[in-house]
Amino acid sequence: HLATKLRRKDINEYSSGASSSISELDDADKEVRNLTAKSFRSLACPYFDAINPQQMDHASLLKQFEHLDPHNQNTFEAKDLELLISTATKDLENYDAERHEEFKRYEMLKEHERREYLRSLDQEKREQEEKRLQELKEKHRQHPKVNAPGSVAQLQEVWEETDGLDPLEFNPKTFFKLHGLDTNDDKVLDEQELEALFTKELEKVYDPKNEEDDMMEMEEERLRMREYFMKNVDANKDRVVSLEEFLKSTEKKDFNNPTEWETLDTKQVYTEEELQRFEAELRDKEEELRRKKEKLHQEQELLQERGRALEAQRREYQQ
């Protein structure tokens with residue numbers, strides 16, 4: 001009952017406070033929200049009871065419950081729902097940003113290791129290896145045209161090759177119903193369903209059997225495609241695509257005449273300055289590990305020395 005009401009509401013209605021779904025809940029729904037509020041707040045009680053107030057990080061603890069209205073201690077109300085949606089959306093946006101940053105660091109580590117490896121070789125072997133790596137890079141770039149996410153060409157490929165339907169009978173509304181209702185019957189395309197639609201395009205560029213194709217790079221490409229699609233289609237920014245939003249996107253000029261998708265092999269993910277800072281960070285961490293290792297070694301020797309002294313004392317007492 002509650003889920004049905006919520007699905008009919010636009011997220012902007014919640015964020016603007018205009019939604020009446022919560023206030024219209026019947027007695028059964030009120031019981032559900034009371035139990036929900038209790039379960040949320042019960043998570044916090046042990047921490048407040050057990051943690052020393054002098055040592056407690058109030059900011060970090062409160063951040064875990066920022067989706068709850070602090071002025072309402074008893075029920076899960078419209079304000080709580082608004083905060084919950086806002087917090088969840090922010091968390092997902094932060095997660096995407098973290099994935100991009102993680103990929104950048106991964107690429108910088110690859111380049112760092114490549115340079116270190118080449119430095120370890122003599123000139124002749126280094127030149128041979130540089131040539132081999134360049135050939136692999138060029139081989140990776142030799143792939144079919146990749147269609148822009150959400151374009152008619154991209155969707156028609158899914159329609160024909162994945163769904164097994166006649167390309168001449170492509171219909172956006174039917175396409176949406178096929179992919180928006182297949183998995184969970186929620187009448188929207190969520191981010192996971194969207195990312196699955198890009199598999200055919202990604203397979204043009206990446207093959208796990210090929211040495212030159214990096215599967216970590218493929219997942220970054222998938223994320224970029226999803227973000228591009230959502231930016232152009234998700235009008236109300238609720239991170240799901242409704243049928244109305246999807247059909248409106250097919251009316252845009254770019255739908256039938258899109259530019260070719262620029263894959264990651266045409267872009268520089270990091271700058272040389274960023275790489276230098278990253279390598280300096282690696283050196284600092286290596287030095288820190290070296291110092292810790294040396295300290296542990298000294299402590300081990302000290303313990304062994306004390307052990308020998310205690311053993312000598314024990315023998316002396318026995319005599």
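Mentor: Let's start with tyrosine 228, which counts as partly exposed at 29% relative accessibility. Keep in mind that this is a predicted model.

Trainee: What about tryptophan 261, buried or exposed?

Mentor: Tryptophan 261 is buried, with a relative accessible area of 11%.

Trainee: How many aromatic pairs are there?

Mentor: The count comes to 7. One of them is phenylalanine 175 with phenylalanine 246, a stacked pair at 6.1 Å centre to centre with 5° between the planes.

Trainee: Where do phenylalanine 175 and phenylalanine 246 sit?

Mentor: Phenylalanine 175 is in helix H9 and phenylalanine 246 in helix H13, 71 residues apart, so the pair links distant parts of the chain. Both phenylalanine 175 and phenylalanine 246 are buried.

Trainee: Why is the pair of tyrosine 228 and tryptophan 261 edge-to-face?

Mentor: Because their planes are at 70°, and over 60 counts as edge-to-face. The ring centres are 5.2 Å apart.

Trainee: Which residues do ring pairs link into a cluster?

Mentor: Trp159, Phe170, Phe175, Phe176 and Phe246.

Trainee: OK, switching to H7. Which of its residues are buried?

Mentor: Glu129, Leu136 and His140. They cover an arc of only 40° around the axis, so they are on the same side of H7.

Trainee: And what's on the face turned away from the buried side?

Mentor: Exposed residues: Gln123, Glu124, Gln128 and Lys131.

Trainee: What happens at the start of H7?

Mentor: A side-chain oxygen of aspartate 122 comes within 3.2 Å of the backbone nitrogen of glutamate 124.

How values were computed:
Residues are numbered from 1 along each chain as its sequence is written. This is a predicted model: local features need pLDDT of at least 70, side-chain atom pairs count only at pLDDT 80 or more; totals for chains, interfaces and linings use all residues. Side-chain values use heavy atoms; hydrogens and water are left out. Rings of Phe, Tyr and Trp (its six-membered ring) pair if their centres lie within 6.5 Å; planes under 30 degrees apart count as stacked, over 60 as edge-to-face and the rest as tilted. Helices (H or I, at least four residues) and strands (E, at least two) are DSSP runs, numbered from the N terminus. Buried means under 20% relative accessible area, exposed over 50%, partly exposed in between (1.4 Å probe, protein chains only). The arc is that of the directions from the helix axis to the C-beta atoms. A polar contact is a pair of N or O atoms within 3.5 Å; within protein, one must be able to donate a hydrogen and the other to accept it, and residues adjacent in sequence count only if both atoms are side-chain atoms.
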